[in-house]
Amino acid sequence: MLILLTFFLLVLSAAAVTIIRLMQPEFRFAWLTAAIGALLAWISIFFWQLVAPLTLRLPAWKPETLFASTPTFMADGIAWAYGLALATLVLATLLTAVARAGFPQLLAWAGTFGLSAAGLLAVLANDPFTLILVWTALDFTELILQLRSLDEPQSNRQVVTAFAVHVAGTGVLMWASMVSLAGGTRMDFENVPSGAGVYMLLASGLRLGIFPLHLPFSAESGLRRGFGTSLRLVSAASSLVLLARIPAGSISSPLTPLLLALTALAALYGGWMWLTTNSDLNGRPYWLLGMGALAVASALRGNPVGSAAWGIALILAGTPLFLTSVQHSRLKKTLLAGAWGISALPFSPTASGWQSGTATGWGFWPFFIIAQSLLIAGYVRHALRPSKGSLQYQPIFVKSLYSAGIILPLLMLLLSGLWGWPGALRLGNWPASLIAVLLSGGLLWVWPRLKLPAPRVHWMRPSDPTRLNKLYQGLATLYAAIGSAVRAFSMLLEGDGGILWTLIFLIIFASILSTGGAAP
Amino acid sequence: MNAPLIWIGLPIALAIILSLISRPRLSARVGGILALALAALAWLVPIDDVLSIGAISIKITSVFQFLGRQLVLGASSRSILIVFYGLSGLWFLGAHAAGVSRRLVPAGMAITALLVGALAVKPFLYAALFIETAVLLSAPILIPPRQPAGRGVIRFVAYQTLAMPFILFAGWLLAGVETSPSDLILAKQSAALLGLGFAFLLAIFPLSTWMPMLAEDAPPYIFGFLQWILPTTSLIFGLGFIDRYAWLRQSDLLPQVLRMAGFLMLVTGGLWAAFEKRLERILAYTSITETGCALLALSLGADKTQIVFLLFIPRSFGLAVWTLGLSIVKDQVKSLDFAAIQGLARRYPLASGAILVAQFSASGVPLLAGFPPRYALWDALAQISPNMAFWFGLGLLGLFLSAIRSLTALVISEKLTYWQLQEDWPQRILLGIGIVVLFLLGLLPQMIYPLLNTFPLMFEHLGG
């Protein structure tokens with residue numbers, strides 16, 4: 001049960017905070033209760049290392065003749081690294097909350113705990129079946145929390161679209177299992193037949209917004225710093241973990257070059273927009289897109305550990321940046337440690353990011369290196385950008401807690417480069433990472449000298465319809481046209497002549513059957 | 001004491017008494033509790049076995065002679081009795097919240113009894129007559145008071161009635177097949193007639209056109225009740241045929257026909273639902289796909305029959321939750337068109353949530369009641385052929401799209417509205433319980449395993 005200890009601590013904390021909010025909203029120690037819960041959950045993650053790998057099998061679904069899969073969780077090195085990142089995210093959110101406007105936000109904290117608990121189960125999932133269940137739980141939680149937190153009903157369209165895309169990703173993972181079964185293999189993360197791996201990758205890419213290129217996370221709640229950060233990063237982590245489970249040999253497919261091209265496009269787009277947006281929060285969807293694309297690219301190159309490296313860096317480097325809400329010069333400089341985290345230089349957490357398990361896709365390397373340099377440059381730019389608030393007049397304990405909340409994820413980022421999981425302590429492909437770092441240095445030098453207008457980024461919806469939007473509008477028109485045809489056919493069958501049409505169809509089916517026509 | 005009298009005769013008498021109760025709330029409560037009591041009795045009391053309580057010994061016999069025919073409810077029928085009366089009881093308890101208790105409860109009790117009778121009668125061909133009586137009894141409750149019958153109701157009664165002569169005639173021919181099994185022409189003729197009869201009875205495409213029409217005409221809750229109990233009975237009746245006639249069971253053509261019908265229903269239902277703009281018609285198309293899934297499960301052979309039974313309970317809960325939500329929403333708007341229901345989720349979050357959860361469940365979204373049977377079915381189809389898995393997935397995709405469109409319509413509106421709970425307390429409780437049960441059945445399908453395990457005992461050769 002140790003494997004679920006962290007989960008239960010998070011759930012209990014969520015329940016405690018919710019009960020306090022409902023029964024005694026003025027309770028003075030609400031934050032302390034939440035912070036203790038987050039701290040215990042964070043500490044409990046380290047206990048996994050003592051007995052790893054841990055496996056927990058839930059009661060089997062019955063009848064067992066129909067359900068061969070059983071929900072199973074396993075805490076191995078990859079799950080530990082992702083679990084640590086998520087627990088750190090929760091603790092950092094709580095620690096930095098003391099300096100945020102609107103303190104205390106009990107329901108937002110409860111949401112953070114709940115989401116992180118679901119995210120933790122996702123990173124622990126030991127097979128696609130379990131992951132499908134956890135993903136759906138996460139999607140429903142996210143849908144309800146977002147619908148509740150958005151006041152304008154029009155904004156809900158984005159939330160529904162994101163939910164639909166996420167569940168579609170789950171559907172693609174289910175399809176991967178079916179493809180595997182049709183080939184005679186019951187799929188788990190150890191046995192992924194060639195061909196099914198591509199669908200797993202598509203499932204993850206769809207949830208991350210890479211295939212097809214879109215921004216599933218563009219809708220934002222009013223609580224953008226704390227709860228918003230948790231929402232986005234937990235959601236991304238739950239999708240990214242699948243990439244780390246795809247065996248290198250299972251993604252060989254004729255589609256691989258096309259997918260690499262699409263991923264490169266997403267990485268470049270995400271990187272460029274991340275660099276050029278006017279604030280870190282507006283750029284957050286592009287951070288997720290760019291880093292997610294690098295993780296997908298690693299998986300496509302047969303390097304699942306590398307994809308986990310990018311995924312963990314996405315969370316641990318993103319957490320302090322997006323939680324920074326007040327001005328503090330020393331902390332700003334400390335944030336630059338996050339840039340080290342995504343540099344892929346030797347012994348950094350992403351050092352394994354540029355390794356390759358296959359010889360596929362060398363031609364795409366320059367694009368991915370450029371994308372990484374854009375992401376690093378953007379990170380440094382956003383880290384050094386002035387913030388609105390100030391810690392100057394805050395009590396000392398607020399300053400200390402807030403600083404701890406920013407420094408903790410950076411420490412964990414550095415730690416994950418050295419210890420605790422299969423991607424730690426690697427030299428990696430240092431020439432590639434060195435080029436990326438030099439390029440980003442060059443970009444940072446050139447950037448202030450260029451007078452480029454900032455792109456128009458709206459956190460709800462792009463102001464101008466892009467070509468991509470036109471493509472989606474075209475698809476919507478096609479959908480409407482098919483809908484009209486279907487409705488016309490339906491009216492025909494339900495109209496006065498419907499019975500005659502029914503008889504005609506019956507005769508057609510009878511003749512098909514009598515001539516030996518078969519079902520699919 | 002006699003089992004058919006307790007579970008067929010007594011409920012018919014109770015239905016008459018219930019029709020005399022004028023207070024809707026009381027009618028729903030009494031009807032619900034009585035039906036649940038009948039289910040509990042079936043669960044606790046053995047049939048054809050002596051039950052001793054202190055000095056009193058009771059034996060409930062299984063056979064009742066009626067006009068030269070037999071009604072038999074043996075020990076193997078207990079799971080059917082529990083499911084039929086247990087679920088009917090829950091439907092009746094929700095009837096007041098849906099505003100149809102006086103119409104549904106008495107007639108519903110009689111319909112349940114008649115359909116239990118359909119499964120108990122020997123020779124089993126006479127089941128067709130019981131089903132027909134139940135259909136005729138359901139017609140008046142589908143018509144709104146003081147209004148003429150809509151085209152949907154008329155077509156429903158006509159198509160269901162057309163099934164009877166085909167099935168009875170097929171039964172007459174089947175008797176001939178039994179005496180001369182080598183007569184292949186006679187076997188083919190009887191199979192064709194039987195197929196047509198079941199095509200009408202189960203509303204197999206293109207004979208399903210009455211369903212969306214009826215959904216528009218009838219109160220959603222009553223439509224839902226009938227869409228649960230009638231196809232379920234017809235499917236068990238159909239299983240009886242397959243179980244009884246070895247030549248039918250062993251025919252190479254039967255799985256093909258069932259598969260074709262199943263895919264037609266699933267894919268056309270899914271496609272139609274994906275483009276539909278009215279909530280009650282989406283319900284009808286989804287119901288068509290549910291029957292399609294059951295036919296696909298039947299096509300997989302005796303060892304996968306349990307999937308058919310696995311579909312029954314989620315179908316009932318899904319329909320109950322969905323139609324209760326729909327009834328509440330229908331009272332607030334002029335029509336159930338997407339344009340008319342915009343933003344309603346903000347005022348009726350539980351009713352809207354119930355509709356959506358049931359819709360997602362029917363489209364096989366994980367964690368919900370509809371997922372385990374669909375996953376098992378998809379799994380089994382994929383093992384046969386990837387093409388079948390593809391068509392199955394396509395049907396579910398259509399339903400999922402319809403659910404997403406419903407979600408969009410319910411949560412998006414031009415006007416700024418704050419979240420509020422406008423459902424009354426009984427509605428909140430029932431909807432809340434319903435939604436929780438849909439999640440529980442999706443997460444722990446083994447909960448219904450003890451019931452499922454005993455279903456195949458009704459059949460000699462479909463043990464699974």
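**Domains and chain contact in the predicted model**

Chain B is assigned domain 1 (1-122) and domain 2 (123-458), with bounds taken from an automatic or database domain assignment. The structure is a predicted model: local features need pLDDT of at least 70, side-chain atom pairs count only at pLDDT 80 or more, and totals for chains, interfaces and linings use all residues. Residues are numbered from 1 along each chain as its sequence is written, while chains are lettered from A and ligands numbered from 1 in the order in which they are written.

The C-alpha centres of domain 1 and domain 2 of chain B are 23 Å apart. Their contact draws 31 residues from domain 1 of chain B and 35 residues from domain 2 of chain B; two residues are in contact if their C-beta atoms, placed from the backbone, lie within 7 Å. On the domain 1 side, helix 3 (78-95), helix 4 (101-120) and strand 5 (121-122) of chain B each give two or more residues. Helices (H or I, at least four residues) and strands (E, at least two) are DSSP runs, numbered from the N terminus. Helix 4 of chain B provides the largest share of this side, 12 residues. By class, the side comprises 19 nonpolar, eight polar and four charged residues. Ala, Val, Leu, Ile, Met, Phe, Trp, Tyr, Cys and Pro count as nonpolar, Asp, Glu, Lys and Arg as charged, and the others, Gly among them, as polar.

Between the chains, 46 residues of chain B and 41 residues of chain A form the contact. Helix 16 of chain B supplies the largest share of the chain B side, 10 residues. That side holds 31 nonpolar, 12 polar and three charged residues.
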